[in-house]
Amino acid sequence: MLTLTRVLAEAAAAAGHEVITSETHGMAQRGAAVLSTVKVGPFHGPLISPGEAEVGLFLHAANLPIHGHYLRPDGTVFVNAPEAHGDAAVDATALASASGSPRSANLALLGYAAGKGGLFAGPACFEEAIRSVTSARHLGGNLAAFRAGVEAS
Amino acid sequence: MTRRVLLGNEAIGRGIVECGCAVAASYPGTPASEILEAVVAFSRETGQPIHTEWSVNEKVAYEVALAASYTGKRAAVSMKQVGLNVASDPFMRSAYLGVKGGFLVVSADDPGPHSSQTEQDSRFYAMFAKIPVLDPCSPREAKEMVALAFALSEEYEIPVMLRPTTRICHARQAVPLLEPLRDRRTARFEKDPTRWAATPGAVLHLHRKLTEKLARLAADDRIAPTLVPGDGTYPRTCVIGSGVAFAHTRDVLQELGLSGKIDLYQVRVPYPLGTAFVNEVRPAYENVLVLEETYPVIEMQLSDRMIAGKRSGLVPAEGELTPEIIRSVLVKFLGLTPMTPASVSTQPGARPTLCAGCGHRAAFYAIRETFPRGIFPSDIGCYTLGVNLGAVDTCHCMGAGISQAAGFYHAYAQDGADFPTIVATIGDSTFFHSGIPALLNAVAQGARFILVILDNRTTAMTGHQPTPALGRTASGGSSQPILIRDVVRASGVSFLRELDPYDMEAFTAALKEAERHCRSVEGGVAVIIASHPCVLQDKSALDETARTLCVTEDCTACRLCLDDLECPAIGWDDEVDTARIDRLSCTGCGVCAYVCPVQAIIPEAGGRA
């Protein structure tokens, strides 16, 4: 399973940026809310303080009240939500299922955010990053989900 | 030179391979598990031969790797911080006897903690053991420090510890890749029993040599703290940081507009602290702040100074030093204008729970239903989550569930024949790790309880590493499988059943039979092996699952499936006020259908398609 943290880090490095990330493993992953952070630029440590994140990618709308406070007041949020309301929300799960990869909602959400211009690079950069870390077996499915998100933007 | 984005643990694993390490042993534990996996992967990728193993526990792993270093080859052992507790017996003595080939001990700490039973500080353990310890501030630095550790270890003939933390282990960063050292050493153990088999009489002399070694090391330039000098804005003031706390401090100073305005030291080797540094800090600074995780190891070595830190109360003594905490500490230390406190989460997150279809859920539910007044000792693994089902009462450390069951029995049985039913649970990997001596002891000491070994044929919580029962090595080769049932029989147990907990009726009957055995004249410890493979092991098989379950209109909204079974595939349908099963998450195990008191859950035609 390809994580967004990994794709974002690969894309940043390939684009020549310094990058450092954090993610959660072990017990916290058994259904609890999982928080990962990505810092692109000359940063030394991987954590983001509340009120500092420029972009938030929320795979579960239920986590907005749990992690929403990490966003800057002028930060951008992209949410995987079944009822799309406004630019912020997209039904990434439905897009991923329709594209044939129901477990790749994260990549559909990434595609949407990239297509909206909300990230540090455009869709081509992230598509290349997905290619560079995906096995041949999963490449088709991963790209389909990602592109579905881009198209929906 | 190539660079690749790697997890901190992958960077450490790459460093181990690049340094020509010949033997690497480990036991899985968050946040260290990926280190050995990376050693295996990079060994394959670079064609560098290395013996790798998932040993049954950290003590054994340490001893295996240590002996390899006696032969002059480089060796490494990796574990999480509490694994060092298990390995502490060989660890404590290894500094006295020293090593020949470089010997790297990676002990990964977990400030917070995020996934550990304590947030102990391995650097403090290193100080206790008199072993030097390196404290990396980034994945890149962790990899560089592997090379430094091996070099120091060989020059000083002493084990060297590398102490990453969660925010290093699970951070990703672009890291340079180097050609592995291809020096093919041959094993040569030179006999020297006064050293390698040192009896108490010889230990004093070795201890003196160790003290002298550490003094020489403390004077070595390579271990000295490094300085990012200030411009004099804050005279006679310095901040000392180590590990990821140092990295976060640099970011926070940048945000506060204070980069380059205050003397900032990075301590890369917290023990032994550089002699020149300790002597210079004393006269040079009046105001010293130390930021380190999690114990005041550096602070204690500067103990004759007035240090602002954990012991002065300025820095929290517990928990992770997040950037926001570091920021508020720096604001107080430097007398800056306090800022408005950052907003906090308005809601706690969901608690972790067993996966949909997990065999442990079935077993725990049956145990709790069958013995409502039972006592349920358990310990560490995915199965700790049985606490959510009211079927786990204790969790202390690896293997403790079995010993504690015996302890509970002996305490209650003293009071009379009416002892409560005690049902201990343990996972298959944990059983091999430290359950075996506990079981042997329980039988030998005449304890009476039921032990359910939850065998999902893997080490699940940490990423599905193999156990000795699988007959598969870390590098994918085959080995002699060792079956749990054989070990249980060999431990003197006379009641043993092995069945799939999905069959709730048979499992419940087995539990009742086990209890009768415990309380019978010839009874003792009764063992049931609850055998069902981990559902996460092969996710693609799940996608081909033929059936899912669905809730019918017979549902009376009693919420038993939601609250007592707590399957994450079961949610609530507000519109019709019944339970609802999510077809994407449901694995078709059917346990909910069994427990529903009104049979309102049935298999659904068509499955997931």
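Predicted model: local features only at pLDDT ≥ 70, side-chain atom pairs only at ≥ 80, totals over all residues.
Visitor: What scores does the model as a whole carry?
Guide: The model scores ipTM 0.91 and pTM 0.92.

Visitor: How do you know which domains chain B has?
Guide: The bounds come from an automatic or database domain assignment, which gives domain 1 (3-185 + 197-218), domain 2 (224-334), domain 3 (359-537) and domain 4 (545-604) of chain B. The C-alpha centres of domain 1 of chain B and domain 2 of chain B are 26 Å apart.

Visitor: What makes residues of domain 1 of chain B count as being in contact with domain 2 of chain B?
Guide: Two residues are in contact if their C-beta atoms, placed from the backbone, lie within 7 Å, and by that criterion 22 residues of domain 1 of chain B are in contact with 21 residues of domain 2 of chain B. On the domain 1 side, α6(B) gives the most, with 4 residues; helices here are DSSP runs of H or I with at least four residues, strands are runs of E with at least two, and both are numbered from the N terminus.

Visitor: How many residues of chain B are in contact with chain A, and which element of chain B gives the most?
Guide: For the two chains, 39 residues of chain B are in contact with 32 residues of chain A, and α11(B) gives the most to the chain B side, with 5 residues.

Visitor: Why is strand β2 of chain A called covered on both faces?
Guide: A residue is buried if 20 or more other C-beta atoms lie within 10 Å of its own, exposed if 12 or fewer, and partly exposed in between, with C-beta atoms placed from the backbone. In β2(A) (residues 37-40), A:T37 and A:K39 on one side and A:V38 and A:V40 on the other are all buried, so both faces count as covered.

Visitor: How do you know that β1(A) and β2(A) pair?
Guide: Two strands pair if DSSP finds at least two bridges between them, and 4 bridges join β1(A) (residues 19-22) to β2(A), so these antiparallel strands meet the criterion. A:V19 stands opposite A:V40.

Visitor: What makes β3(A) an edge strand?
Guide: The open sheet of 3 strands has the order β3-β4-β5 in chain A, with parallel pairing, and both β3(A) (53-58) and β5(A) (89-90) are edge strands, each pairing on one side only. Between β4(A) (residues 71-80) and β5(A) there are 2 bridges, and A:N80 has A:V90 as its bridge partner.

Visitor: What makes a set of residues a nonpolar core, and which members of the largest one touch the most others?
Guide: A nonpolar core is a set of buried Ala, Val, Leu, Ile, Met, Phe, Trp, Tyr and Cys residues joined through C-beta atoms within 7 Å. The largest has 143 residues, of which A:A108, B:A65 and B:L104 touch the most other members, and helix α4(A) (residues 105-115) contributes the largest share, 8 residues. Apart from this core lies another, of 73 residues, including B:F408 and B:V452.

Technical notes: Residues numbered from 1 in each chain as written. Chains lettered and ligands numbered in written order.
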